[in-house]
Amino acid sequence: MAGSMSSSSGDVDKLKEALSLLPSVGSMDDVMSAFGLNTLPTAHRYGIFFGCVVFTLTVTAVMVLLVKGGSIQRITEQSRAGEATPVDAVKERSDRPLLLERLLIAREQMIEANYPEDGEDAEKASEEWTKLTEMLLNVAPDTEKLRGLQEVLECDDDGKGGKGNKNETESQKLIPDGYVKDYLDAYRKCQDEPGGARLPSLPEARYEAFARAYAGCGTHPSASYRTSYARMYEAVTCQSEALAERFEDFFEKRPWDLVGRTVRLEPLEVERHLDAIYTVTCGEANTKMNERAFDPQRVWGFLNYGPFKNASELRQSPVFQKRPGEAAFAILENLTDRVIGVVALGNDDPWNLNVQLEPPIVKPSTDGTVEQIEACFLLMDRLFALGYRRIELCVDKKDVSGKKLSGRLGFTFEATLPKHMIVKDSNRDSNVYGMLNSDWDKGARNVLYKKLHGTKAQTVDGASEAKVREKELQQKKLQEMKEAEGK
């Protein structure tokens, strides 16, 4: 014990002796001698020296990054509060300074002078479906009118006066171009390669579901998209006899809706969706749905409208009043048929094949869920299938939920636009995110599809897409060969 103590005290004495020599250091050899390293080879001595230099620079760089990056400040704040303090979106919005009054007055003057509301060239908002909305919907025959015409044709057995021929002509007008051919081709294709086992009491349910979904996509989207959508629709609707009958009834009543695994999109209508959307977004507790009250600013804080005092105010807002180049869809849960929010498009630029996706308006408990993601996926998939090259997502720089949504959907950050907008008399800097058709085809779609439907479904979908593309390539080559022979 005594020996170890004397040894340790001897080391201390040696260290003190070495440090006492530092003031008299005049060269590198003096430093090495002070620490007893002068007997080492030259290479070893330089290695130790440069190691010390690297260590010093590393520690200095780490400290600079901690201080400049704000980590030290955050650690200090958390130590005072006792816990981490996440960003409060409502507080971030309410703490914004208002714009100068002269800027607000100048804005009103410019709008009044340059864009009068009653001008002949002004684009008036409307509750009617816009052209963009109609383009994105499924196509289908008007079943009610067709049923009426069929009854007339059955009664008109004599065929005199050309009445039967006239009714047949009218019935053809109610069927979209190419619908019958696509339906029959898809029906036969599903017979050859069904997506699952046949339902015992409804043996043809799978064929009919696949056919109506495939034909409903219309003739403009790509064949690979139509096959993918039809296969997904078949898998969702034919899980059981009860579901098959339920979705067949949906199709009879609303054949144009976009259907996914967890949600379906219905074009926004005042009579059908207004009250439900107000209930979902007003923030009041709903005992029937077992939902707690919440601050409505969590829904409307980063938008230029809302919260609303009543449903009438909501009706007059841009949520329902859409201009040309905009579209809006109600999001409904497939399981409960309840409206859970709205997803919208704006700034449609068909000349450049660009369009803007708006962050869905949903209650806080739905934010970030698979329902929100699938609602966006259904629109994005249809847009790219129709030929759009780029979808833009523009969110408030301080909107944490909006920025998370861009990551969940696979968008790429493109830029920050300072002083981009004036929202509720406050400045808004905007983050712009983009999704390109090339990125969508190369993997972004597959990632989202796997997230929504699972690995097995994504593998089957990828194999089906490859088969369709190969068939399209073969048909193209055959067509080129026929044209060459004809010349």
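Modeller: A helix here is a DSSP run of H or I with at least four residues, a strand is a run of E with at least two, and both are numbered from the N terminus. The model we are looking at is predicted. With that in place, P307 can be located in the loop between α15 (297–300) and α16 (311–315).

Colleague: Thanks! What kind of peptide bond joins G306 and P307?

Modeller: A cis bond, with omega at about -5°. As background, most peptide bonds are trans.

Colleague: F308 comes next. Why is F308 called buried?

Modeller: Buried means under 20% relative accessible area. F308 has 14%, so it is buried. Its place is also in the loop between α15 and α16.

Colleague: What is F308 in contact with, leaving aside its neighbours within four places in sequence?

Modeller: Y278, W300, E313, L314 and S317. Contact means heavy atoms within 4.5 Å, so each of these partners meets that cut-off. F308 and P296 are 12 residues apart in sequence, and their C-alpha atoms are 8.9 Å apart in space.

Colleague: What makes D425 partly exposed?

Modeller: The partly exposed class lies between the 20% limit for buried and the 50% limit for exposed. D425 has a relative accessible area of 33%, so it falls in that class. D337, with 31%, is therefore partly exposed too.

Colleague: Which side chain does D337 join through a polar contact of 3.0 Å?

Modeller: The side chain of R264. A polar contact needs N or O atoms within 3.5 Å, so 3.0 Å qualifies. The side chain of R264 makes a polar contact with the side chain of E266 as well, at 3.4 Å.

Colleague: Is R264 buried or exposed?

Modeller: Buried: its relative accessible area is 4%, and the class needs under 20%, so R264 belongs there. R264 is found in strand β2 (residues 263–267). Beyond its neighbours within four places in sequence, its contacts include L258, V259, A330 and I331.

Colleague: How do you know that the charged end of R264 sits over the ring of F250?

Modeller: The distance part of the test asks for CZ of Arg within 6 Å of the ring centre. The charged end of R264 is 4.2 Å from the centre of the F250 ring. The charged end of R212 likewise sits over the ring of F251, 5.3 Å from its centre.

Colleague: Now the ring pairs. What makes the F210 and Y214 pair stacked?

Modeller: A search of the whole structure finds 14 aromatic pairs. One of them is F210 and Y214, with centres 6.2 Å apart and 15° between the planes. F210 and Y214 lie 4 residues apart in helix α11 (residues 205–216), about one turn of the helix. F210 is buried at 0% relative accessibility, and Y214 is buried at 12%.

Colleague: Which residues form one aromatic cluster?

Modeller: Y179, Y183, Y187 and Y207.

Colleague: What is the span of helix α19 (residues 437–453) between its end C-alpha atoms?

Modeller: It is only 21 Å for 17 residues, short of the 24 Å that a straight helix would reach at 1.5 Å a residue. α19 bends by about 55° at G443. Just after α19, G454 takes a positive phi of about 100°.

Colleague: What do the buried residues of α19 pack against?

Modeller: α12 (223–237), α17 (370–386), α18 (400–409), β9 and α20 (455–486). Among those buried residues are W440, A444 and R445.

Colleague: Last one: what makes N431 buried?

Modeller: Its relative accessible area is 6%, under the 20% limit, so N431 is buried. The place of N431 is in strand β9, and its side chain makes a polar contact of 3.0 Å with the side chain of T416.

Note on methods: Residues numbered from 1 in each chain as written. Predicted model: local features only at pLDDT ≥ 70, side-chain atom pairs only at ≥ 80, totals over all residues. Heavy atoms only, no water. Buried < 20%, exposed > 50% of the residue type's maximum accessible area, 1.4 Å probe, protein only. Phe/Tyr/Trp six-rings, centres within 6.5 Å; stacked < 30°, edge-to-face > 60°. Lys NZ or Arg CZ within 6 Å of the ring centre and 35° of its normal. Expected span 1.5 Å × (residues − 1). Bend = angle between axes of the 7 residues up to and from the residue. Polar contact = N/O pair within 3.5 Å; in protein donor to acceptor, adjacent residues only side chain to side chain.
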